[in-house]
Structure formats: C-alpha cells, structure tokens
Amino acid sequence: MKHNSVEIETTVADLAEDKDYARDLRLETILPLLEKGESVVLDFGKVKYVTQSFVHALIGEALKKYGEKVLDKFEFKNCSEQIKSIIGLVVDYSLGGFAVDETAKKDQQA
C-alpha cells in the first residue's frame with residue numbers, strides 16, 4: 001500500500017482556514033488517492049491551528065463516502081492538540097453525530 005504525503009499550508013499566520021484550498025486538496029489529491037486504494041498522510045507540520053470548516057472541507061466528503069473504514073487510510077501527522085481536537089469533532093460529525101459516552105447514557109437512564 002502506497003502512502004502519499006499532503007503537506008497542509010497555512011493561509012494566515014499559523015492558521016489553516018481557507019475552505020477553497022481544502023476543497024482543492026480534497027478533489028485533486030485526497031479523493032483520487034483514496035479511490036486508488038492508497039493511504040494519505042496529512043502533514044500539519046506548518047500549521048498550529050485549523051478551523052472546523054477547513055477540516056470538514058478537507059476530509060468530510062471522504063468520511064461520508066467511505067465511512068469509518070476510511071480512517072485506516074488516513075494518517076494525521078504533526079498535529080497540535082487543537083488540530084487533533086478539531087479533527088475528532090469533524091470525524092464524529094461526519095460519521096453521524098457525536099458519540100454518546102456509554103457511562104453518561106447509563107447515568108441518564110438511572
């Protein structure tokens with residue numbers, strides 16, 4: 001299985017927020033690689049912060065199209081804690097909503 005690295009660029013200071021740039025990466029690079037069955041390394045080494053809309057534009061369509069199994073094809077590299085958090089939110093949202101903690105669910109039923 002081939003791994004392809006996509007280096008995420010910033011648009012303002014340390015922030016990646018340009019949805020058009022994310023869409024272009026998705027359409028021109030990410031989706032074609034996934035369609036070939038290849039893995040994608042998203043390298044956030046030049047970025048400290050991302051917006052939720054940027055990450056959604058970057059990976060949301062792949063998550064909806066291929067489901068949870070596509071996460072095995074992604075590697076998220078050099079992510080700050082903020083970026084990890086945003087990726088987690090987008091993954092949860094794109095895969096059908098936020099996961100409910102089983103403990104919290106049991107507490108609500110009691």
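**Helix H2 and what surrounds it**

I began at the end of helix H2, where I found that the residue following the helix is Gly67, with a positive phi near 75°. I note here that the model is a predicted one.

I then went back over H2 itself, which runs through residues 52–66 and counts 15 residues. From its first C-alpha to its last, H2 reaches 20 Å, which is close to the 21 Å expected at 1.5 Å a residue. I also checked the axis and noted a bend of about 50° at Ile59, a residue that is itself listed among the buried ones of H2. The buried residues of H2 are Phe54, Val55, Ala57, Leu58, Ile59, Gly60, Ala62 and Leu63, and among the elements that cover them I wrote down H1, E3, strand E5 (74–77) and helix H3 (81–94).

**Glu38**

Next I looked up Glu38, which sits in the loop between helix H1 (19–35) and strand E3 (39–43). With a relative accessible area of 15%, Glu38 falls under the 20% limit and therefore counts as buried. The side chain of Glu38 makes a polar contact of 2.6 Å with the side chain of Asn4.

**Aromatic rings**

Last, I looked for aromatic pairs, of which the structure holds 2. Phe74 is buried at 8% relative accessibility, whereas Phe76, with a relative accessible area of 26%, is partly exposed.

Notes. Residues are numbered from 1 along each chain as its sequence is written. This is a predicted model: local features need pLDDT of at least 70, side-chain atom pairs count only at pLDDT 80 or more; totals for chains, interfaces and linings use all residues. Side-chain values use heavy atoms; hydrogens and water are left out. Helices (H or I, at least four residues) and strands (E, at least two) are DSSP runs, numbered from the N terminus. Buried means under 20% relative accessible area, exposed over 50%, partly exposed in between (1.4 Å probe, protein chains only). A polar contact is a pair of N or O atoms within 3.5 Å; within protein, one must be able to donate a hydrogen and the other to accept it, and residues adjacent in sequence count only if both atoms are side-chain atoms. The expected span of a helix is 1.5 Å times one less than its number of residues. The bend at a residue is the angle between axes fitted to the seven residues ending there and the seven starting there. Contact means heavy atoms within 4.5 Å. Rings of Phe, Tyr and Trp (its six-membered ring) pair if their centres lie within 6.5 Å; planes under 30 degrees apart count as stacked, over 60 as edge-to-face and the rest as tilted.
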